[in-house]
Structure formats: C-alpha cells, structure tokens
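Good morning, and thank you for coming.

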Amino acid sequence: MRIDLHTHSTASDGTDSPAELMAEAAAAGLDVVAITDHDTTAGWDAAVAALPAGLTLVRGAELSGRWYDTEPTMGLHLLAYLFDPAYEPLAAELAGVRRSRERRAERTVELLNADGIDVTVPEVRRYAAGGTVGRPHLAQALVRRRLVRNVDEAFRPEWLGRRYRLPKDDIDVFTAVRLVREAGGVPVLAHPKAEVRGHALPDALIAGLAEAGLWGVEADHTEHVEADREHVRALARDLGLRVTGSSDYHGTNKTVRLGACVTDPLVYRDLVSSATGATPVTGA
Ligand code: AMP
Ligand code: FE
Ligand code: FE
Ligand code: ZN
C-alpha cells in the first residue's frame, strides 16, 4: 500500500486540477491519496468525481494556523482529514482565512507597484483561477515579468520570502485543532521542523497541541532532514501522537513528486477509524 496524505490541486496553489491530481496519483502507483488544499474543501467533489478505479481518496485540507501565545507569533500548517465540510464554525474560519488571503494579495500587489513592479490584482487572481490565493500565484506574476526565474526563487528574502511578505489572519492553532475535532476530523501537524518555510516549531508547542487534541504529526516530509524525522518520531512516541509521511505535492509549483514520502498502512487505518466527519472514497 502506498499512501500519500498531503497534496495540493488548483483549488489552492497546486498546478493539477483535482481531476488531474487523481489521474497523476494513480499513475504514480498510489493506493491512497489525500487532497489537502490550503484553507478550502473546494476541490473535494471534482476529485471524487474523477477517481480512477481502485484509488482511494482521503478528503482533507491544510489549515493556515498560528501560535499567538509567543513573541513573535509563529505561523504553521495543520492538516485536517475527513472532517465534515458543512460544520459551520470550521467552515467560517476557513472562509475568513481565504478572505484575508485575498486582501493580502491585494496589499502585496500595492507594495510591488510602489516599487515600480507592474503586477496586477486581476492577473494574480487569474493564476489562482478561483482557488485559494497564495504567494505562489504572486510568484507566477514575478516569473512572468522575468524578475525571477522560477517560483522557488520568488520565495527568496528579497521577494516574497521577506521584503514583500505580508501577514494574513491565520486561525489560532488551538482553536483549529478543537474545530477539526468538533467537525469529526483528524488533525495532524504538517512539516513541524521545515525551516525553509520559516522556523521549526518548538517541542513545547507540539506537546501543548497533543494535549489539546492533536492526533498526529508529519515526520517524513522532503523539507525534513533525517535528524528532524527522527526527532519528530521520538517526540511523537513520547506524546502518544501518530506519525505520517507525505509528499506535499504542488504540481509544477514545487519539484517534489507524488509519493516522495508515504504513510504506514497501520497509521492510515487508525486515522480512518478516528474520523467521524467523512469517509474515504474508493474509485469503482
Ligand atoms: P502562503 O500560504 O500563501 O503564504 O504561501 C505558502 C505556500 O508557498 C506554501 O504552501 C508552498 O506551496 C509555497 N512555498 C513556500 N516556500 C516556497 C519555496 N521556497 N519555493 C516554492 N514554493 C514555496
Ligand atoms: Fe502550498
Ligand atoms: Fe504546508
Ligand atoms: Zn502543503
């Protein structure tokens, strides 16, 4: 069984439509794939409709969270699996983050314009194509202007990594864990030690989240070096958390391939039986 529990489609900042993502997952030899777009469930139905025979889909999302009780506050990503998308308190938080992302994109464009870089909001919206707007869509505008060679380069400090990086209203991570649980879902902390994304999250936070209802933590991720993975596994053992592995595939917006990291089938089975908000769907 090859199980990849973290991928993105055009419903957020991936480059494959949900249908293409399902086809790619089957072609990559996966048995189970999770769709985890940033702050949205908009890709779920199209992914279900396009499921190839034998492929199982886990419906999920990657929530933009933040730990507010530290100085400076820390942004982080929380994966949520098999939750009820109609649970209003969670749906409202996700809608709020998406609105904040729209405003952030507009303000980032203003900041770029003030420096004489003529990107436009409609252009960035076009790259987002109705999905959750993210920095990769701003990055595409910079690539188009030949100001950077690729999306990766657009995340350097002199661009979207720092100079043109603006905050958005992320969900308090403790609230996020609670709401995902209330929605019958399973919360898993994404890439907690991936320093290229900002900073490694402290173990004390992960311990606090475990107490607050966190179910698991992503250990195998391409942005974790081997020492990070071992550290996360040991910490998870101490805290009674499950460990997952996944690719965090984004199509051509990142170089990682589907199935680059995978999750243990026993952990997957455990995840499914812990969820009450939705069930996996297998293509007929
Ligand atoms: P946002 O959530 O809009 O702030 O953008 C963060 C997203 O940008 C992540 O989910 C990745 O998809 C992407 N990203 C972050 N860092 C990089 C990087 N160095 N190169 C390419 N994509 C990145
Ligand atoms: Fe992303
Ligand atoms: Fe992430
Ligand atoms: Zn992701």
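Let me begin with a definition: contact, as I use the word, means heavy atoms within 4.5 Å. Helices (H or I, at least four residues) and strands (E, at least two) are DSSP runs, numbered from the N terminus. What you see is a predicted model, in which local features need pLDDT of at least 70 and side-chain atom pairs count only at pLDDT 80 or more, while totals for chains, interfaces and linings use all residues. Residues are numbered from 1 along each chain as its sequence is written, chains are lettered from A and ligands numbered from 1 in the order in which they are written, and side-chain values use heavy atoms, with hydrogens and water left out.

Which residues bring helix α4 and helix α5 together? On the α4 side they are E123, V124, Y127 and A128, which meet H137, L138, Q140, A141 and R144 in α5. By class, this contact of α4 with α5 has five nonpolar, two polar and two charged residues. For these classes, Ala, Val, Leu, Ile, Met, Phe, Trp, Tyr, Cys and Pro count as nonpolar, Asp, Glu, Lys and Arg as charged, and the others, Gly among them, as polar. The axes of α4 (residues 121–128) and α5 come within 8 Å and cross at roughly 115°. Axes here are lines fitted to C-alpha atoms, for helices over the stretch in contact, and angles run from 0 to 180 degrees between N-to-C directions. α4 passes α5 in a right-handed crossing; a crossing is right-handed if the near helix is turned clockwise from the far one by less than a right angle, and left-handed if anticlockwise.

Helix α5 (residues 135–144) also meets helix α3 (residues 88–114), their axes coming within 10 Å and crossing at roughly 30°. α3 and α5 are therefore roughly parallel to each other, a term for angles under 35 degrees; those over 145 count as roughly antiparallel, 65 to 115 as roughly perpendicular and the rest as oblique. In this contact, R104, A105, T108, V109 and L112 of α3 face R135, L138 and L142 of α5. Five of these residues are nonpolar, one is polar and two are charged.

I turn now to the metals. Donors are N, O and S atoms within 2.8 Å of the metal (3.2 Å for Na, K and Ca); water is not among the atoms, so sites may look incomplete.

Which residues hold the zinc ion (ligand 4)? It is coordinated by H6 (NE2), H8 (NE2), E62 (OE) and D248 (OD), at 2.1 to 2.2 Å. Angles among its four donor atoms run from 79 to 172°, and the site is irregular. Four donors count as tetrahedral if all angles lie between 85 and 135 degrees; four count as square planar and six as octahedral if opposite donors are over 155 degrees apart and all others between 65 and 115; anything else is irregular. The zinc ion (ligand 4) lies 4.6 Å from the iron ion (ligand 2).

The iron ion (ligand 3) is 5.6 Å from the iron ion (ligand 2). Its protein donors are E62 (OE), H77 (ND1) and H191 (NE2), at 2.1 to 2.2 Å. E62 lies in strand β3 and H191 in the loop between β6 (186–189) and α9, so the pair ties together parts that are 129 residues apart in sequence.

Finally, the backbone. Most residues other than glycine have a negative phi, and most peptide bonds are trans. The peptide bond from E71 to P72, however, is cis, with omega near -5°. P72 is found in the loop between β3 and β4 (74–81). L82, a residue other than glycine, has a positive phi, near 55°, and lies in the loop between β4 and α3.
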